[in-house]
Amino acid sequence: MNTLVYIDHFKGEVVPASWEAVGVGKTLGKVTGLAIGSNLENLTRSAFEYGVDEMLVAEDPALTDYRAELFASTLKMAFTSHNVDVLLFPTTSRGRELAAMAAIDLNTGLLVDVVALEANAEKLVVTRPIYSGKVMAKVTSSVKPQIITLRGRAFPKPVAQPGKSGTVTKMPAGTGALTVVEGYSTAEGAASLTDANVIVSGGRGMAENSALQAPAGMDAKQSEVWRAKAGFVMLKELADVLGGAVGASRAAVDAGYVPYAMQVGQTGKLVSPNVYLAMGISGAIQHLAGMRSSKLIVAINKDPDAPIFKLARYGVVGDLHQMVPALTAAFKKRLAK
Amino acid sequence: MKLVACVKTTPDTTATIKVENGKPAWGEAPLVINPWDEYAVEAALQLKEANGGTVTAISVGGEEGKIALKHALAMGADDALLISDPALASVDPQAIARILAAVIQKIGGVDLACFGRQAIDDDSGTTAAQAARLMGWAALTLVSVIKVDGGSLRVERAIEEGRQIVTAKMPAVISLVKDIGEPRYPSFMGIRRASKVEIPIWSLAQIGVSAPAAVVETVALADAPVREVVCEMVTGGNPQEIAEKLADKIIGEKLL
C-alpha cells in the first residue's frame, strides 16, 4: 500500500506523532511525506532520516501559519497528483481538522484517533477508542484512499538514521484562504500534555495542606486556591526533575486551582504517557477515561479506598504534601548525572 | 445575528458503558446533552446577548435528540429543530455533517453555526470542520474567546502550543472549548418553557437531501481491556523512606 503522511509541525517543530505515522506507513509500503509551511529544510531532512521515501514540500511565506482552508486545498493538490491508498495524519488539532476536510474533498471515509491497525485484503481495519476509551471500536472505510489519524504515542517512533536522504518534489501553495492569523499567545500551562513522557497530575487534594498558612486577609476560598497553587508549584518541581508535564483533574480545574489547558479526562486531554503520577486524585470515572492508557500509573492519596488505586501499579496512602518533596529529592539524587 | 447551535444527546459522562449484543449499552444512566455542546449553546447565547439576534438549536437523529434540544431551549435558545428520518438509522458521522450543512443552508441567512469540540460518545471531533468545508464557510475550531466586529469574527483558538488568534468573515462555523465560560444552568422559567414547546421535526425530504451512504463501517465493538494490575502499596517509617523505595521501583520499570 502507498501511504501519504502529513508531517504536522508548529513553526517547523515537528509533532513527534508525525514520525510515529511515518513508522506505521513504512509497515504498509512506500511512504510519501507531505510538509506544508515555510522554512522546512530541517523538517525535510529529518523526514528522510525517520524513513520517508519521498517528500512533497509546499513552501511559501503564505503558508507560515496554519490556516485550515489554505492547508486543506494544498493537501488536496498533493493527493490528486499522487495516487495513494492511505492518508495518515497524527491526531493533533491540525491533523484532525485537515483529515476531516480531506474526507469531504475526496468523499471518502475518515477514521479518527486510531490506536491499532491491521491490513485485511487491501483494506485497513483500525481500532479506535469511543466513549473515551470505555469501548474499543473496530472500524473500516469502504472507499479509497482511507483517511486515518493516529493517536500520539500509540505507535512506536522509528529510529532516525542520520544522513539518509531522498527525492524532494516542490509544490505550490493552495488557494481559498478564509482566515487571517494575527498572532499567538502562550496559554498558561499549555506545555503539551499529549506528548509528555511523564505526567504529574494534581487533584482536589492539592489544597489540603494545613501546614501552609495563607496570607492574612484571604477568605476561605481564596486561601484554598492559594494553598492549591503552591501545591502545583511543588508538582512542577517534581515534573521538571522527571522531564515531564503537569496535569490536573477536573475537580482541581473547576475549583479554580489551575487553567483548563491542564485538565486530563473525558472533557479534557486524553493522555497516554509512560508514567502517570496521580497526586491527591481520587479517580473519578471521567478522569480515569483520560489517562487509563498510561503505561505505569502511580497514585498517592490519603484515602486507601480511592478508586485510583485500582488502576495504579504502585500506591502510597499518605500525605502528598510530604510525599511529593521527598519524591522530588529521591529522584534528583538518582537521575542527576 | 442569526445563530445556530448544533447539539447531540449522549449518555452522561459518569455512565459505565458496556458492549451488549454488539452495541454500546449504559444501563440506567441518564441521557443528557453532550457536555461539549453546552458550550456551543452558551457561546451562541453570549453572542446573542451582546449583539442581538436569535439562537436556533438543531439536532440530527432519533427522538432522543429532543433531550439535548430541550436543554438548549431551557438554557435560553429561541427555538429548536430536530432532523429525524428512518433513513438515518445507518449513517456515519460524516453523513451527519452533510445533513447539518444542508439544514443550516436550508434555514438560510445564518451568520454563525456553533458546535461543541466533539461528542463524548463517538469522539470524532470532526463535524464542525466538515460542515464548514461542505458549506464553504471558514472553520474556526477549538475556540476559547470570541469577539464580533461588524461582519467579522476575531477568535482565540486553543491549540496544543498555546493560543492562535484568527480573524474571519461571517458566515462561519466555530467549535467551542471549555474556556468560553461555564454553561448557564437552565432557569426555572426556561425549563417550563422547554417542556411546553413542540419541537418541529424535519425529514430528509424536507431539507432536500437523501441519506448519504455510509462510508465507515463498524466491524466489531469490544469493552475496553481490563487493566490487570495489582496495586503494590509502598510503605515505610517516614515520607523520605517511602519516597526512596518508590523512586527505585519507578526507575526499575525502565519507563522514565
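User: Which residue is the bridge partner of A:Ser185 in S11(B)?

Analyst: First, the ground rules. This is a predicted model, where local features need pLDDT of at least 70, side-chain atom pairs count only at pLDDT 80 or more, and totals for chains, interfaces and linings use all residues. Residues are numbered from 1 along each chain as its sequence is written, and chains are lettered from A and ligands numbered from 1 in the order in which they are written. Strands are DSSP runs (E, at least two residues), and helices are runs of H or I (at least four), numbered from the N terminus. Now the case: A:Ser185 has B:Arg163 as its bridge partner in S11(B).

User: In which sense do strand S13 of chain A and S11(B) pair?

Analyst: Two strands pair if DSSP finds at least two bridges between them. Here S13 (residues 179-185) of chain A and S11(B) run antiparallel, over six bridges.

User: How many residues does each chain give to the contact?

Analyst: Two residues are in contact if their C-beta atoms, placed from the backbone, lie within 7 Å. Chain A gives 76 residues and chain B gives 65 residues. On the side of chain B that touches chain A, H7(B) gives the most, with ten residues.

User: Which domains does chain A have?

Analyst: Domain bounds come from an automatic or database domain assignment. For chain A, that assignment gives domain 1 (3-171) and domain 2 (193-335). Their centres, taken over C-alpha atoms, are separated by 34 Å. Six residues of domain 1 of chain A touch eight residues of domain 2 of chain A.
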